Amino acid sequence: LAQEFMLAGYRKLASGLTAPEWFAELPFPFPVSLLPADLNWVLAGGGEIILALLLALGLFGIVAPAGLLFITWVAVCSV
């Protein structure tokens, strides 16, 4: 599971720190909708990498999966 999230985050950040047009047009749920799309793009990519790495290492056993669950929840609600 950690590998999948790390790969997704790497693809986001490798494509650049500017969100693509399709991402900027998504209707994000409430707390995330207050942030600009470019910041959401970087936070999602960075969060996927950092939290997945913590998950793979077995560190912060409740925080890391909860953060990944939040990122997934935002993706499901937005798309």
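Student: What do the buried residues of α4 pack against?
Tutor: Four other helices: α1 (2-14), α2 (21-24), α3 (30-33) and α5 (63-78). This is a predicted model, so local features need pLDDT of at least 70 and side-chain atom pairs count only at pLDDT 80 or more, while totals for chains, interfaces and linings use all residues. Residues are numbered from 1 along each chain as its sequence is written, and side-chain values use heavy atoms, with hydrogens and water left out.

Student: Which residues in α4 are buried?
Tutor: The buried ones are A37, N40, W41, A44, G45, G46, G47, E48, L51, A52 and L54. Buried is under 20% relative accessible area, exposed over 50%, partly exposed in between (1.4 Å probe, protein chains only).

Student: Tell me about N40. Where is its place?
Tutor: N40 sits in helix α4, residues 37-57. Helices here are DSSP runs of H or I, at least four residues, and strands are runs of E, at least two, numbered from the N terminus.

Student: Why does N40 count as buried?
Tutor: Because its relative accessibility is 5%.

Student: And what is N40 in contact with?
Tutor: Leaving aside neighbours within four places in sequence, N40 contacts F23, F28, V32 and L35. Contact means heavy atoms within 4.5 Å.

Student: Changing topic: how far apart are the end C-alpha atoms of α4?
Tutor: They are 30 Å apart, which agrees with the 30 Å that the 21 residues of α4 should span at 1.5 Å a residue. The expected span is 1.5 Å times one less than the number of residues.

Student: What follows α4?
Tutor: G58 does, and the phi of G58 is positive, near 80 degrees.

Student: OK, charges now. How many salt bridges does the count come to?
Tutor: One, counting a side-chain nitrogen of Lys or Arg within 4 Å of a carboxyl oxygen of Asp or Glu.

Student: What does E48 form a salt bridge with?
Tutor: With K12, and the closest N and O atoms are 3.1 Å apart. The pair links distant parts of the chain, 36 residues apart, with E48 in helix α4 and K12 in helix α1.

Student: Are E48 and K12 buried or exposed?
Tutor: Both are buried. K12 has a relative accessible area of 17%, so K12 counts as buried.

Student: What else does K12 touch?
Tutor: Not counting residues up to four places away in sequence, K12 touches W41, A44 and G45 as well as E48. W41, A44, G45 and E48 are among the buried residues of α4.
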